[in-house]
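Subject: Structure for you to look through

Dear colleague,

I am passing on the structure we spoke about, and below it I have set out what was found in it. Please keep it open beside this message as you read.

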Amino acid sequence: MCEITVWIEKTAAFLQASFDNGPWMKEHPLEKSYRLEHSFRVANAARLIAEGEGMDVEGLVIAGLLHDVSYSEEWGSGEEWGNHGRRSAQIARPFLESLGMEASRIQEICYGIAIHVDGKADFPGEATAFARSVSEADDVDRFDVYRIYEGMQFNRFSEKSLEEKEIWLAEKLRWVEARLAEGTATETARRMLAERLNYQKDFYSRLQEQLGKSRL
């Protein structure tokens, strides 16, 4: 990560405390570990994007750390999950204000956090390259190597029939191609995402080819 400033250090401590004290997280320690590790990886990706684009490095790292802070709360529905970016911004704002951060900086950080799930916020703001980079830093981690393993495990790939595996892989490859065609806010994020998505494409293609040899 970048130089650990006092504000970054305090943000990391706030995130850790939020997860440690969240009732749902206490009951799901594996999810807590994953979500904390994911948040740090997103913060590291945010640093690289900010450095590559001459953005506010400290601010984007802080946004990356806090983008999923609402996971400390228990959700009752998929709709609440879809709202977790907006809820994370609501939790982040008073904390950032307590640091003494200037209002305009808080606004941009919170707007980026709010829109990172579905592009929508519950307060006025501008989807600047900085704000959009919160979502793209999140995607950098979500599309990296660990997600291949996690996705296959979640979908019980090893338990599928050969035909089901082939269908699943074909769908994944279509998704990767579609995601590669999408635009990004910055050139740095585009390169980082393309590297990870092309790795997925190569992995799934090789696996597809291997499975194709499973018949005479």
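Is Glu 74 buried or exposed? With a relative accessibility of 62%, Glu 74 counts as exposed, because the cut-off for that class is over 50%. Please bear in mind here, and throughout, that this is a predicted model.

Glu 74 sits in the loop between α4 and α5, the latter covering residues 78-82. Although Glu 74 and Trp 24 are 50 residues apart in sequence, their C-alpha atoms are 5.4 Å apart in space. If neighbours within four places in sequence are left aside, Glu 74 is in contact with Trp 24 and Glu 80.

The buried residues of α4 are Glu 58, Gly 59, Leu 60, Val 61, Ile 62, Ala 63, Gly 64, Leu 65 and Leu 66. They pack against several other helices, namely α1, α3, α6 (84-99), α7 (103-114) and α8.

Two packed helices are described by the angle between their axes and the distance between the axes. Helix α1 (residues 6-21) and helix α4 (residues 57-66) pack at an angle of about 5 degrees, and their axes lie 10 Å apart. Because angles under 35 degrees count as roughly parallel, α1 is roughly parallel to α4. On the α1 side the contact is made by Trp 7, Ile 8, Thr 11, Ala 12, Phe 14 and Leu 15, which meet Glu 58, Val 61, Ile 62, Leu 65 and Leu 66 in α4. Sorted by class, the residues of this contact comprise 9 nonpolar, 1 polar and 1 charged.

Leaving aside neighbours within four places in sequence, Asp 56 is in contact with Ala 50, Arg 105 and Phe 130. The C-alpha atoms of Asp 56 and Arg 132 are separated by 13 Å, while the two residues are 76 residues apart along the chain.

Thr 188 belongs to helix α11 and is buried, with a relative accessible area of 6%; apart from neighbours within four places in sequence, Thr 188 is in contact with Leu 48, Ile 49, Gly 52 and Glu 53. Arg 156, by contrast, is found in the loop between α9 and α10 and counts as exposed at 55% relative accessibility. Arg 156 also has a positive phi of about 50 degrees although it is not a glycine.

The largest pocket has a volume of about 840 Å³, and of the 29 residues that line it, the closest to its centre are Tyr 34, Trp 81, Arg 142, Arg 147 and Glu 150. Helices α3 (29-53), α8 (129-142), α9 (145-154), α10 (162-181) and α11 (187-211) each supply at least two residues of this lining, and α9 gives the most, with 7 residues. By class, the lining of the largest pocket has 12 nonpolar, 8 polar and 9 charged residues.

With best wishes

Notes: Residues numbered from 1 in each chain as written. Predicted model: local features only at pLDDT ≥ 70, side-chain atom pairs only at ≥ 80, totals over all residues. Heavy atoms only, no water. Axes fitted to C-alpha atoms, helices over the stretch in contact; angles between N-to-C directions. Helix = DSSP H or I, 4+ residues; strand = E, 2+ residues; numbered from the N terminus. Parallel < 35°, antiparallel > 145°, perpendicular 65-115°, else oblique. Contact = heavy atoms within 4.5 Å. Nonpolar A, V, L, I, M, F, W, Y, C, P; charged D, E, K, R; others polar. 1 Å grid on protein atoms, 1.4 Å probe; cavity = no way out; pocket = protein on both sides within 12 Å on 5 of 7 lines; lining within 4 Å. Points joined across faces, edges and corners; volume = space filled by probe spheres on them. Buried < 20%, exposed > 50% of the residue type's maximum accessible area, 1.4 Å probe, protein only.
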